[in-house]
Amino acid sequence: MKKLNLAKLALVTSLSILLFNCEKDSEDFIEANQNVTAKNAHVCIEKWDTNQSKAASLKAKQWEPGQTIRVKFLNGNSYVQSKVRQYAVEWESYANLKFEWVSSNSSANIKIGFKEGQFADDGGSWSYLGTDSNNYSHSMHFGWFNNNTSDTEFRRTTIHEFGHALGLIHEHQNPVAGINWDKEAVYAYYAGPPNNWSRAQVDNNLFRRYEKNVSNYSVYDPKSIMHYPIPAEHTTDGVAVGNNSRLSATDKSFIATIYPGTNTGGGNCDGVSEYNSNASYSVGDKVTYQGTLYQRTSSGWNNLGACDSTPVDICSGVAPYNSNASYSVGDKVTYQGTLYQRTSSGWNNLGACGS
Ligand SMILES: [Zn+2]
């Protein structure tokens, strides 16, 4: 394949996805009108391990840095499985974790179902948090994926659910989130389809914020993949949040602080070779081309975005130490260019910022 063809193909692919999105209603992401899509977005339901109190530490649900997490599919056709796998692995670029994709009859940590067969009645998308996944034979679910789903939607929901599986909570429930909800408007909206939620469910899924001492809170990030979309009509100040479908800069740096030690340096193109017209590529292979990262699909190349050579800074998103604040075990601060984490007896030095 000639370089020109690659560029053309990428352009045609992106155009066709755009057109497809414009024709389709519901969950798809249309950058030009985020507020409209925010109003129609499917949102995920947070799952809690009912054997434990909700006050149980979210930090306790994290995997070990460097761990290999075994993942399997319980059902679903090869296409939807390949899409989940294609997007889930984006986390591996920033977290010091590896996914091992095992067959359906193998033991696994994360067990994924789709809305069909034995799970045909579950139209929601959800995941248990972190290592809670170990306790369930069906730990993650995609309730609206099928062969007609757009890549944007596959990316948005897959990365979001895997965020939960890595222990991340919803960003709008970040202890430091400052969203001025128009609560009655939100209750009214979520009372309707496809959610049909009670006021209590809305309280739980949207308004409840986590305690600082149970969460890995960082600065509030409205661009986070873990944020629900919020239309302007749902806030008293008209502030809206789009249907985020990519990892934000803070998502990348934050997951790197939870699972430190990855040696990629955080650059999404690090270790990826330049496209070679004489090479043959398989689905899933990545190349760089004119400063952009592409991944091979069954029909062409998927544009994964511009190469970002900025290394992930372990201190990114972490607030400086404030002598007037009170800190809980697990809280992180920066102080004189170094990252520290609060322990029961003092502060643990996690290393210099910028590394
Ligand atoms: Zn969620």
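Student: Why does Asn-196 count as partly exposed?

Tutor: This is a predicted model, by the way. Asn-196 has a relative accessibility of 49%. Buried means under 20% and exposed means over 50%, so 49% puts Asn-196 in the partly exposed class. You'll find Asn-196 in the loop between H5 and H6.

Student: What is the phi of Asn-196?

Tutor: Asn-196 has phi near 55°, which is positive in a residue other than glycine. Most residues other than glycine have a negative phi.

Student: What makes Gln-336 exposed?

Tutor: The relative accessible area of Gln-336 is 69%. The cut-off for exposed is over 50%, so Gln-336 is exposed. Gln-336 sits in the loop between strand S10 (332-335) and strand S11 (338-342), and has a positive phi of about 50° although it is not a glycine.

Student: On to the metal. Which residues coordinate the zinc ion?

Tutor: The zinc ion is held by Cys-44 through SG, and by His-160, His-164 and His-170 through NE2, at 2.0 to 2.1 Å. Along the sequence, the donor residues follow the spacing C-x115-H-x3-H-x5-H.

Student: Why is the arrangement around the zinc ion called tetrahedral?

Tutor: Check the angles: the four donor atoms subtend 99 to 125°. Four donors count as tetrahedral if all angles lie between 85 and 135 degrees, so the arrangement is tetrahedral. For comparison, the ideal angle for four tetrahedral donors is 109.5 degrees.

Student: Where in the chain are Cys-44 and His-170?

Tutor: Cys-44 is in the loop between helix H2 (34-40) and strand S1 (45-47), and His-170 is in the loop between H4 and H5. The pair links distant parts of the chain, 126 residues apart. Both Cys-44 and His-170 are buried.

Student: Now the rings. Why is the pair of Trp-101 and Phe-162 called tilted?

Tutor: The structure holds 25 aromatic pairs, and here is one of them. The ring centres of Trp-101 and Phe-162 are 6.1 Å apart, with the planes at 45°. A pair needs centres within 6.5 Å, and stacked needs planes under 30 degrees apart while edge-to-face needs over 60.

Student: What does the pair of Trp-101 and Phe-162 tie together?

Tutor: Trp-101 belongs to strand S3 (residues 98-101) and Phe-162 to helix H4 (residues 151-165), so the pair ties together parts that are 61 residues apart in sequence. Trp-101 and Phe-162 are both buried.

Student: And what makes the pair of Phe-145 and Phe-154 edge-to-face?

Tutor: Their planes are at 65° and their centres 4.7 Å apart. Edge-to-face asks for over 60 degrees, so the label edge-to-face applies to Phe-145 and Phe-154. Both Phe-145 and Phe-154 are buried, and they belong to one aromatic cluster, whose members include Phe-73, Tyr-79 and Trp-101.

Student: How do you know that Glu-100 and Arg-70 form a salt bridge?

Tutor: The closest N and O atoms of Glu-100 and Arg-70 are 3.6 Å apart. The limit is 4 Å, so the pair counts as a salt bridge. Glu-100 lies in strand S3 and Arg-70 in strand S2 (residues 68-73), so the pair ties together parts that are 30 residues apart in sequence. A search of the whole structure finds five salt bridges.

Student: Which residue does Arg-199 meet in a salt bridge?

Tutor: Arg-199 meets Glu-184, at 2.9 Å from N to O. Arg-199 is in helix H6 (residues 199-207) and Glu-184 in helix H5, 15 residues apart. Arg-199 also lies over the face of Tyr-187, at 3.9 Å from the ring centre.

Student: Last one! Why do we say that the buried residues of H5 line one face of the helix?

Tutor: The buried residues of helix H5 (residues 183-190) are Val-186, Tyr-187, Tyr-189 and Tyr-190. Seen down the axis of H5, these buried residues fall within an arc of 165°, so they line one face of the helix.

Note on methods
Residues numbered from 1 in each chain as written. Predicted model: local features only at pLDDT ≥ 70, side-chain atom pairs only at ≥ 80, totals over all residues. Heavy atoms only, no water. Phe/Tyr/Trp six-rings, centres within 6.5 Å; stacked < 30°, edge-to-face > 60°. Helix = DSSP H or I, 4+ residues; strand = E, 2+ residues; numbered from the N terminus. Buried < 20%, exposed > 50% of the residue type's maximum accessible area, 1.4 Å probe, protein only. Lys NZ or Arg CZ within 6 Å of the ring centre and 35° of its normal. Arc of directions from axis to C-beta. Salt bridge = Lys/Arg side-chain N within 4 Å of Asp/Glu carboxyl O. Donors = N, O, S within 2.8 Å, 3.2 Å for Na, K, Ca; no water. Tetrahedral: all angles 85-135°; square planar, octahedral: opposite > 155°, others 65-115°.
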